[in-house]
Amino acid sequence: MRRLKLPTHPEHLTRRDQSLLTSTATECEKPWPHEDCANEPSPLHCFGEPRALWSLAAKLSAILLLFVALSAQAAVRDVGAIGLTVGDLERVLPFYTNTLPFELKGITTARGAEQDALLGLNGTKTRSAELLLGQERITITEHLTNKGRPIPPDSRSFDHWFQHIAIVVSDMDRAYEHLRHAKVKHVSTAPQTLPAWNKDAGGIKAFYFRDPEDHVLEIIWFPPGKGDPKWQPLPRAAGSETGAPLFLGIDHTAIVVSDTDKSLEFYRAVLGMKVGVEQEHLNQVFGARLRITALRAERGPGIEFLEYITPPGGRPLPDDAKANDLVFWHTRLVPDGLDDFTAKLRDRQTRFVSKSVVVLPGGASKSLRSVIVRDPDGHALQFIQEASSLAEK
């Protein structure tokens, strides 16, 4: 286990942010575990050539059948757009497109029986903006009818509904100065640098702040050799003055969990996601201990678990939480077979936000099928797949 400094009380500027800082910063920097291939067949010894060849063929057939069986299991292939709910899209959108450089890809309005069924509400009418940064997307949704509740003013970073996104920057000093000039609401007092004694995370910098409706956001910078290689700057061509953009993309979304093992059983065994770095972090000053686990699909941002061992007292998501409340984030997942996943989740007594699998209009005249469920701690996951892809299954 490796240990990092983490603070505990997010409602205070320094403490709240640092607690998030160490958790998210550590998960991003290590490569995923190497997966060794199966051992080569044993040498042929005293069985005689025909028997030896039969034995080898049987082994290869068993390996092939196992591979086919594993490949046939439904699994999440992509982590797609990460969505958050706001009370006033007109107020929040300029923050993401001006203060932050997300590109607005479109605004859509949705209503009717399909939206009611998808979100588990009645009389739904929503307005959503889809935004792009690098290769990653987020959605920001306002409920025009049936407004939900705001984020609780006493919300803490270890409450189980907590979620945030980590935005990668190419230069922390310039990015922080840009945000400071825009007078963002600080969670961290300033960018924090993880200590050099931590060989995996040393040198990573992070800063936490809030959007206009108090959703927590993070900017993170990886030094050479840390994090996903895609975040490392490309060599600048001779004579060129063009450098990397200041804001690069989204590395991961982090969620607080009450029990890592229980969440792993869901995300790994049921959803088929791969576990990357798993560490324990200790803050000796404030007494906060976190167990951090990073997961990824084949494509898209990572998902990080933040389990607070101490301090205790993280509150669960209220039973009456709805999709129109501002604490409602959701992460889109693209599976190998929506119907298989739905059946499997119902067999496990998973909580469904959606009343049923619904058909939604998609781009380029393609329809989509979708359903929203909650993970063991209530974080919302939206499974989505093109109807044409499902027809081929």
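The lining of the second largest cavity in this predicted model divides into seven nonpolar, four polar and two charged residues. The volume of this second largest cavity comes to about 90 Å³. Its lining counts 13 residues, and those closest to the centre are Leu317, Val327, Phe328, Arg374 and Gly378.

A look at the whole structure puts this space in context: the search finds four cavities of 30 Å³ or more. The largest cavity holds about 110 Å³ of space. Around the largest cavity, 13 residues form the lining, with Ile151, Ser155, Phe162, Gln163 and Trp329 lying nearest the centre. By residue class, the lining of the largest cavity splits into seven nonpolar, three polar and three charged residues.

We can turn next to strand β9 and its partners. Strand β9, which spans residues 216-221, is mostly covered, with five of its six residues buried. On the parallel side of the pairing, strand β5 (residues 163-169) is joined to β9 by four bridges. Here Ile167 is found opposite Ile219 of β9.

The antiparallel partner of β9 is strand β8, made up of residues 205-210, and six bridges join β8 to β9. Within this pairing, Phe209 faces Leu217 of β9 as its opposite residue. β8 and β9 together form a hairpin, with five residues between the two strands. The turn of this hairpin includes Asp214, whose phi is positive at about 75 degrees. Taken together, β9 pairs in parallel with β5 and antiparallel with β8, while five of the six residues of β9 are buried.

Definitions and conventions. Residues numbered from 1 in each chain as written. Predicted model: local features only at pLDDT ≥ 70, side-chain atom pairs only at ≥ 80, totals over all residues. Heavy atoms only, no water. 1 Å grid on protein atoms, 1.4 Å probe; cavity = no way out; pocket = protein on both sides within 12 Å on 5 of 7 lines; lining within 4 Å. Points joined across faces, edges and corners; volume = space filled by probe spheres on them. Nonpolar A, V, L, I, M, F, W, Y, C, P; charged D, E, K, R; others polar. Buried < 20%, exposed > 50% of the residue type's maximum accessible area, 1.4 Å probe, protein only. Pairing = 2+ DSSP bridges.
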